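The sequence and structure come next.

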Amino acid sequence: MKITNLNDLKLSIGRAISLSFVVIFAITVFIIFVTYKEFEYKRQELNQQQILSASDVYQSNLSEQLSVIASSDEFMDYLRSGKETRAQMYPDFIYQILSLKVKSVMGMKISTLDGQELFNYGKTSPDQINLKVCYLNQELNPQLGECSYQWTLYLSRTTLAKDLQSINPAIQECKQCRSVPIFANPYFQNFIVQDISSIAIPIAVKTAGANVIYLYILLIFVMLIILATWNKYKIKATLNRFVADPLEKIGAHLKAGDNLLEDDDAIQEIHYLTTQINDWKNQVNEAEQQKHEAEIGRLASQVAHDIRSPVAALNAVSQDLAQLPENRRIMIRNAAQRINDIANNLLHYYRQKTTHGFNNKIPEDIMQAELISYFVETIISEKREQFSGLNIEFSVQIASDSYGVFAKVNPIEFKRVLSNLMNNAVEAIEQNGKVEIAITKNSGFIIVAIKDNGRGIPHELLPRVVEGGVTYGKKEGSGLGLSSAVKQIEAWGGQFSIHSVVNQGTSVEIILPQAFQPEWFATQLFVPNHTTIVILDDDDNIHQIWKRKFEKSIKHNEKVNIIDFYKPEELLEWHKTNSPIKAIYLMDYELIGSPLNGLDVVKQLDIASSSILVTSRYEDADIREICQSLQMKIIPKNYSAYIPIEIIYDKPTFIFLDDSEVLTSAWKKYAELNGRKVIVFNDVNDFLFMVQFYPTDTLIYIDSDLGNDVKGQDVAKNLYDKGYRKIYLATGYDKDQFPEIPWVVGIVGKNFPIQ
Amino acid sequence: MPIVSGANLPVVNVLSWWGYLDNPQVTKLVQTTCHANLSYDEYYSNAEFLRRFNHEKQNYDVIIFSNTIYGLVKNQIGVTNSNLWRQSDAYNKIVRQHYLASKYSPNIDYFELSVNGFLSNPKNISVLPSNDLTSIFNKAGKNTVIIVDDPVEVAKLIALAMNKDPNASITSSLTLANFVKIIQGNNVYITNEQDSSLYNNPNFAVSFNWSGDAMNILKNNNNSYVFLIHPKLSYITADLLAQLNNKPAVGCVASVLSSRKVLNIVQNQDFYFSPYVDTSKVTDPQFKLIYKKFVAMLPTLSWDDTVSAKEYAQLNNTWKRIKIYLAKQSDS
């Protein structure tokens, strides 16, 4: 059914209700009719059965009484006597006969079978029963006895009906009723029925329910009509109230150009439904779109991942190409940067379209330690893409000791600040220009400097530009960007500085306090001498990077053994027969062509304590969580070209852990001057990772205050539990301030312990 | 012969075995001879006779009953001046000897004689004169066996079968154990009804009947059965006719009923033998055949015994036990 408008809808519902009513009515009438007919049939059958039962009872009763009489000596003697004796016995015989208490027997006759009448009493009637009386040894026996007499009973139909009624009070004589045959079963127990009249009397069984059923049917009928009518008007009223009337109102108001009555509940509901339906529709479309974009994002991510490794190799190589002319080196570096930008932008696009990026999980009011170099590289890649139509050169310089520096920021806001500052730099350039970004580290701070060679800002306007409300050189600027950035940086505990010279350019600096590296991050790679380095990566470029880095790090008396694996299965197979005591595993995460990833291999081989994950997906929160649970460190893959490698003594005089680089450097220098082999660590995590490569009798000194609320005595307890027994606490505090620490040998000062 | 109207004639009331006086000729002969109307009541067994006689003997003028129970009623039927006994002079010689030996009262005559024997269905059994009682019942197997409903008669049969002393009391012969031993689990019925459908049943094998009943059954079954007067087990029973008062009509009627003329009529009716043993008037050939056998065996056959009231009571008691036993057997 096609409903074209509201009237059609109402008409259709009305027709459907009417049709349903007619169908239900017809079916109900039919059911009632059939039920009534069935009921009537059953009732008549039951009535007939009741009459037959009453007739059987009557017959049985009559037969029983006749049997009693016929079995008496008086009866038998009377029949077997001559006329004289019968005359004498008559009173007694009559007395016997009168014991028959069946009113409908109005008379009787007894005669011999050859016709001699022996007894005659009462009235005759055409309705009669002729019984043969048979005796065997003085007892009635219709089967085996000698039948010499005939007993004729004359019946009164009127009294017979009353007799049946006395048996079943429901039976009543009625002139209009159909005559019902009595004695349908001609059986008289101790007699042979010789002949029986066809007696049918107009009787019926009065059943109380016969009329009540009509009442019930009528009641059901009326109830059905009422119910159907009520339903019809209820549905119609409901439809009018919630659909038709509101739609009519909407139509009327729209026609009249009036506003809809928003206080009308029905209209609000319709509006709500319409909005919901639209929302659902949009959600479905968005889900489809997201699905589609997620597919593209995954592909982009894969491409970016694949590109990053060769770019990292290119960057590493370019650092060593001193023999090439500078313009060639710059060309190679720019080409590598361009490729890196493509990879970064692909990844950026992917993260925007998916929820896998860790940034999406972080609310704007949360601060956490972030790798600053990563954000700078990402933003500059975006800007190169964004302003590719302009003749502006973007360059980034990251100091080797600054690459792995963290600061506590909100990642989203930090990117926004970086982006705004770089936009300002670009907008300050008229035609050709250069934007330079540099990351350096200085005394516990990290400095991000953005410098352009644009028009600059007059000196007198600088304070107002920083405070906000004033823009310079921007057509549609609100003047809020710089001041907002300053407030944000200051909120992170940082500082902002700006220096500008008109027609020369502007430079801004973001100075942020350096944060402790997260546990998962490997700032430096310590490799004990004579260690086996196992590298698993599907990209040969990464293998080459590590090879070159180790070659550069190893001195003449040092040696490491590098074993390369490109497929996890090869490593698994190798590990079955080779399990070096001292080995560091550098494991890639994504391994093309294998169902396993690097973490799967680490788990299978149970080598987490000596493994480092080298991955471009280090920002993936899930991967970080797994690494933290396995107590594994991560090296971002593009950081692998810059990570410092230090080959450390395999048999040191002692190991010293202190968060002060000055002190550890001093101890190290002093040791070298005195021919001692001392290994120093500033980072607890690096220390804990490396200490496992040394025997438990190694002499160890640990600072009591390691910063970031880490206590030296706790680290000492950790070592003690692993079996190390030669542990000293090296502290600037008075030893009396410490309680007894059973797991350390002693508490010493910060002076070099061995002379 | 004047025309006699029965309306105002005196009535002579007779108690008789069933079927003896049914012939209208007898009634008519009584009416014309004695100017009296004959009214007769019938009974089917000695027990029934005794019950009716004991209760209503004052109502009866003449009684016809079995010789076996004569001892139970003889003290109640004495009439001193009756000449009824004179009719015995015309009896068959052997019969008369027996009548005289029995020393009946003068108001008593023989009514009819009977010989009991074995009526058999040749399809199911062959009863030979040489068979003893046990072998006859044995031959019957699971077929129907019918025995006359009379303890005295059965006691006599068992006594003969057991070769008991003829002068000894027969009461000791009829015991439940003896009876059970003889019937050997046969399907046994006890009845005097000759029209019972038992005889029409194809399973009917053999019955021990009075000869008159046997004849009626033979006729009802187209003479398909065989009646054997067994040389050892059959014996003669007599029915007596007693005049109970001296009313003129009664003496006349008693004389007429015990006369050769009437008994010649009656014996063709009920197929018992007249004490006059007159075969010349017998019309039914089958009956005539049996009659001749009876006559031939008359000298050798034993006669029934008259029992005392005590003996009868004892026999009747045993007989009831036997009936109960059979009823139980039938139910199981």
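## Strand pairing in chain B

Strand β1 of chain B runs parallel to strand β3 (residues 62-66) of chain B, and two bridges join them. Within this pair, B:Leu15 has B:Ile63 of β3(B) as its bridge partner. Strands count as paired if DSSP finds at least two bridges between them. Helices (H or I, at least four residues) and strands (E, at least two) are DSSP runs, numbered from the N terminus.

The model is predicted: local features need pLDDT of at least 70, side-chain atom pairs count only at pLDDT 80 or more, and totals for chains, interfaces and linings use all residues. Residues are numbered from 1 along each chain as its sequence is written, chains are lettered from A and ligands numbered from 1 in the order in which they are written, and side-chain values use heavy atoms, with hydrogens and water left out.

Strand β1(B) covers residues 11-17, and six of its seven residues are buried; buried means under 20% relative accessible area, exposed over 50%, and partly exposed in between (1.4 Å probe, protein chains only). Seven bridges link β1(B) in parallel to strand β2 (residues 37-43) of chain B. B:Val14 has B:Tyr40 as its bridge partner in β2(B). Between β1(B) and β2(B) the chain passes through helix α1 (residues 24-34) of chain B, in a right-handed β-α-β crossover. Right-handed is meant as follows: with the strands pointing away from the viewer, the path from the first strand over the helix to the second runs clockwise.

## Both chains in figures

Contact means heavy atoms within 4.5 Å.

Among contacts with a separation of 6 or more, residues 24 or more positions apart account for 70% in chain A and for 76% in chain B.

## Strands and sheet of chain A

Strand β22 (residues 633-636) of chain A is covered on both faces, with A:Lys633 and A:Ile635 buried on one side and A:Ile634 and A:Pro636 buried on the other. Four bridges pair β22(A) in the parallel sense with strand β21 (residues 611-615) of chain A. A right-handed β-α-β crossover leads from β21(A) through helix α15 (residues 621-630) of chain A to β22(A).

An open sheet of five strands in chain A, paired in parallel, has the order β25-β24-β26-β27-β28. β25 (678-681) and β28 (746-748) of chain A are at the edges with a single partner strand each, so one side of each is left without a neighbour in the sheet. Inside the sheet, β26(A) and β27(A) pair in the parallel sense over four bridges, and A:Ile702 stands opposite A:Leu729 in β27(A).

## Helix α18 of chain A

Helix α18 (residues 712-721) of chain A has A:Gly712, A:Gln713, A:Val715, A:Ala716 and A:Leu719 buried. Seen down the axis of α18(A), the buried residues fall within an arc of 155 degrees, so they line one face of the helix; the arc is that of the directions from the helix axis to the C-beta atoms. These buried residues pack against β24 (654-657), α17 (684-691), β26 (700-703) and β27 (727-730) of chain A. On the other side of α18(A), A:Asp714 and A:Asp721 are exposed. Just after α18(A), A:Gly723 takes a positive phi of about 110 degrees.
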